[in-house]
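Please read it alongside the sequence and the model.

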Amino acid sequence: MHVNDAIVGRQSIRAFDRSRGVSRAVIDRILKVASRAPSGSNIQPWHVWVASGDARDAIANACHARHMAGDAGEWEYHYYPVNWREPYLARRRATGWGLYGLLGIERGDKAGMKHQHGRNYLFFDAPVGLFFTIDRDMELGGWLDCGMFIQSVMLAARGEGLETCPQAAFCAYHDTVTSLLGVPETQQLICGMSLGYPLDGAEVNGFRTSREPVERFTVFVDQPVGGR
Ligand SMILES: Cc1cc2nc3c(=O)[nH]c(=O)nc-3n(C[C@H](O)[C@H](O)[C@H](O)COP(=O)(O)O)c2cc1C
């Protein structure tokens, strides 16, 4: 697979084939490849927790139950802006409405949205859940390193014919997730990720998000503008 195809062809998958498991050898290969991700001074600050079998089910059941009971949970860090503003708000809305629209969930259909959001906690039926943690005493640079590692995991998974959905949603129930996995207090949950084979013919997997054109987020500078 050309590297461009691996990147451009990746999309968040929200319906997995629960009948197709992923072997430990395959997961091992993915993580080995991803571990070639760069990090400042090669500190490699990421930790990965692979949940399968009963551990996966216990996390799914506990988090899904909390969600369905109306427990919003509590995040340990702000993933999203505290005050939403343009242009981010419009992009966020386009993504949410695009996904719900495809699923026939109309605006204002709170039960429908809650049900769909709850699918996060069931790993969208994926057989494996990955969780990424970082030592609490790492700084922002370490989080940057983990981001690159996480993207590398998603791309390496594609090399094995697998797909993923990165999931910050699990951060709401970080206490449940970390206690069931046995993550030490010294580490913090960054996000989860569903991993598996996509379910054939699932409409939700046809959801393709847009991107801003390069000129909207790039400034080419070939003459100095100022100086200090
Ligand atoms: C760190 C991170 C956390 C995310 N959390 C969730 C999540 O909890 N649930 C979900 O359905 N999608 C989640 N997403 C997926 C984004 O919505 C998705 O990447 C974005 O809309 C772009 O779509 P694409 O991944 O299909 O290109 C997350 C993405 C990232 C990078």
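A polar side-chain atom of Arg 14 lies 2.7 Å from an oxygen atom of the ligand, a polar contact if that term is taken as a pair of N or O atoms within 3.5 Å (within protein, one must be able to donate a hydrogen and the other to accept it, and residues adjacent in sequence count only if both atoms are side-chain atoms). The model is predicted: local features need pLDDT of at least 70 and side-chain atom pairs pLDDT 80 or more, while totals for chains, interfaces and linings use all residues. Residues are numbered from 1 along each chain as its sequence is written, and side-chain values use heavy atoms, with hydrogens and water left out.

**Ligand site**

- An N or O atom in the side chain of Arg 211 is 2.8 Å from an oxygen atom of the ligand.
- Ala 168 uses a polar backbone atom, which is 2.8 Å from a nitrogen atom of the ligand.
- The protein buries 76% of the 620 Å² that the ligand exposes when taken alone (Shrake-Rupley method, 1.4 Å probe).
- The ligand is surrounded by 15 residues, the closest being Ser 12, Arg 14, Asn 120, Ala 168 and Arg 211; a residue counts as near if one of its heavy atoms lies within 4 Å.
- This shell divides into six nonpolar, six polar and three charged residues, with Gly counted among the polar ones.
- Strand S3 (residues 163–167) gives the most to the shell, with three residues; strands are DSSP runs (E, at least two residues), as are helices (H or I, at least four).

**Nonpolar cores**

- The largest nonpolar core has 47 residues, of which Ile 59, Phe 131, Phe 132, Phe 149, Val 153 and Phe 170 touch the most other members.
- A core is a set of buried Ala, Val, Leu, Ile, Met, Phe, Trp, Tyr and Cys residues joined through side-chain atoms within 4.5 Å, where buried means under 20% relative accessible area (1.4 Å probe, protein chains only).
- Helix H6 (140–159) is one of the elements that give two or more residues to this core, and H6 provides the largest share, seven residues.
- Another core, of five residues, lies apart from it and includes Ala 15, Leu 99, Val 204 and Phe 207.

**Thr 133**

- Thr 133 is found in strand S2 and is buried, with a relative accessible area of 1%.
- The side chains of Thr 133 and Trp 49 are joined by a polar contact of 3.0 Å.
- Beyond four places away in sequence, Thr 133 touches residues including Pro 45, His 47, Val 183 and Ile 190, where contact means heavy atoms within 4.5 Å.

Methods
Buried means under 20% relative accessible area, exposed over 50%, partly exposed in between (1.4 Å probe, protein chains only).
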